[in-house]
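Subject: Structure handover

Hello,

Here is the structure you asked about. Please open it first, then read my notes below.

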Amino acid sequence: MVDPVPSGSICPVRTGGGLTVGSRPGDCELHLTAVEDFLNWGKEHSLFYLLFATACCGIELMQTGGPRYDVDRLGMIPRASPRQADLLIVAGTITHKMASRAKRLWEQMAEPRWVVSMGSCANAGGPFSKFSYSVLNGIDKHFPVDIYVPGCPPRPEALIDGVIELRERVRRWQTLGVRPRDAAVIA
Amino acid sequence: MTIVAESPDGELMTLNMGPHHPSTHGVLRLIVECDGEVVTSCQPDIGYLHRSIEKIGEYLEFPQFVPYTDRVDYVCAMNANLAWCVAAEALYAMDPASVIKIPERAEWIRILVAELNRISSHLVAVGALAMDMGAYTPFLHAIALRELINDLFESICGARLTYNYVTIGGVANDLPAGIEPRIAAALDQIEREMRGFNKLITGNTIFRDRLAGTATISAADAVAWGLVGPNLRGSGVDFDLRRDEPYGFYDRVEFAVPVGDAFAGANGRVGDAFDRYIVRLLEILESTRICRQALKHLPPAAPKAADLVGGWQADVKAALRKPPKGEVHHRTEMPRGETGYYLISDGSKIPYRIRIRTGSFTAVAIIPKLAPGLMLADIVAVIGSLDIVLPEVDR
Ligand code: SF4
């Protein structure tokens, strides 16, 4: 038995045009929406992320997954394998030795895939950008990044804010058509 | 348990574990050769997180390097700050004219924050070991407890992970007003919840049997391979720099040094993975004791930072003066064991050379010795029980 739902409340329709048929409580309700909106609705609420932590920011990523910040409630569940992940959170310093491995992880992820660059190191080399001979100054030299979260390390709230920003983007994703990627934003 | 397997055709399989693997605690790559399920050799490949921190130190003045020590070991950044600062202070102390005096209150604050950070570091270690063994809930409990300490540090210095709080000559700022009761309450809660943690996982037969007798390191081996900290003490060697070579005010506090004692019972042996785990748990409790003593001894704050009793930073400009010429190696006890900073100064404001000796590096070095004969799944237990943090290895 389905709870009577006020029309439109769980409706995945984002861009308008939804129609609810069935008025009696307990009726099976019918929602009309575009296929794309429905798919995006699903994706937006189940952004599985790859447990990819290289350095300090990884500890904050771990705390973000912990009980206080609890990103599970956003449908974000850590995955050990890139093939099961939708979202790559690059948490930590990427050295030249690691960069090609990170790229390979990104390549192994299935489309559509999103990338959040967490922390100054992944954004631009952070505290190592000036003097270090071995640190890559920004992971975006190897693959496109959707959201940059600044901080050294960013607080979990900042990371969650970045993810919320990303969800906006996922909601507007064009699965069926072809659309150029939006420009990256800084959360 | 050691199993000797022989495949009929002598063919071995080579497996790459890492550099991205959820249980290598970072970016460690292990090249594992196995005969069926049994490991015949395991070679670590490090350097995926080499950030050239030692080299960076050659461009920066002494106080400027403190934030980089945060990143050498981010799980216990307070201890890392402290290790650098006492080494630099030891260098300045080589010339009687440039000795840096540290206020009493600053010394007690240092012990307080260092031990709080030791607790949070060991919480990650035991939680991650449990997670590697397939128990996710204890990890969540440990992480939740860690948030308590993060909150305290946030009130003290404004950061949750990379603190940059301990400075040469004291600490960056005084404790905020009214933090002492909050710290005491947090210590109570940690002690209480550790009991729950023990009920949840330490007494768990599956967990215990899995670790009992696994990856045993004898006392002689532990010394020969240069293991330090809880890994060394887990093997039954009673050595702790805080007690045996005290720096700061550690000679004024009382605490026990837990050592491995075949805690797992009948199957256990001294120096097995379970011993290392228990030593960490006991150290958490000892650290709460030290914190309480530090709170008790903490002199009331003086209005001036430079006050030698109640101040927190005797001489802000001390570390900006030129240090004497010379070399110094100073070692401190970090959660992952003895960490030494070796400093060469040519008398200028910028160190000539910095060398960092860390506990995780030797812990990685012993993996090839421990691995042969273990099951493949036990490699994870080995890494988890050694509590390796990769930036400490690669620096
Ligand atoms: S941004 Fe800062 S905290 Fe994050 S990995 Fe880099 S140095 Fe560490």
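What follows is a short account of chain B, then of the cysteines.

Keep in mind that this is a predicted model.

Overall build first. Chain B holds 15 helices and eight strands. Its radius of gyration is 21 Å, close to the 21 Å that the globule rule gives for 395 residues, so chain B is as compact as a globular protein of that length. Along the principal axes, the C-alpha atoms of chain B fill a box of roughly 75 × 45 × 35 Å.

Now the inside. Of the 395 residues in chain B, 60% are buried. Take the contacts in chain B between residues at least 6 apart in sequence: 71% of them join residues at least 24 apart.

Next, the surface and the charges. Chain B has an accessible surface of about 14,100 Å². Carbon and sulfur atoms account for 55% of that surface. Chain B carries 39 positive and 49 negative charges.

Last, the cysteines. A disulfide is a covalent bond between the sulfur atoms of two cysteines. How many disulfides are there over all chains? The count is zero. Cys34(B) is one case to look at. The closest cysteine sulfur to its own is in Cys42(B), 9.4 Å away, which is too far for a bond; the cut-off is 2.5 Å. Is Cys34(B) buried or exposed? Cys34(B) is buried, with a relative accessible area of 1%. Cys57(A) is buried too, at 8%.

Best wishes

How values were computed: Residues are numbered from 1 along each chain as its sequence is written. Chains are lettered from A and ligands numbered from 1 in the order in which they are written. This is a predicted model: local features need pLDDT of at least 70, side-chain atom pairs count only at pLDDT 80 or more; totals for chains, interfaces and linings use all residues. Side-chain values use heavy atoms; hydrogens and water are left out. Helices (H or I, at least four residues) and strands (E, at least two) are DSSP runs, numbered from the N terminus. The radius of gyration is taken over C-alpha atoms; the globule rule is 2.2 Å times the number of residues to the power 0.38. Buried means under 20% relative accessible area, exposed over 50%, partly exposed in between (1.4 Å probe, protein chains only). Contact means heavy atoms within 4.5 Å. Accessible areas come from the Shrake-Rupley method with a 1.4 Å probe; for residues, only the protein chains shown count as cover. Lys and Arg count as positive and Asp and Glu as negative; His and the chain ends are not counted. The place of a charge is taken as NZ of Lys, CZ of Arg, CG of Asp or CD of Glu.
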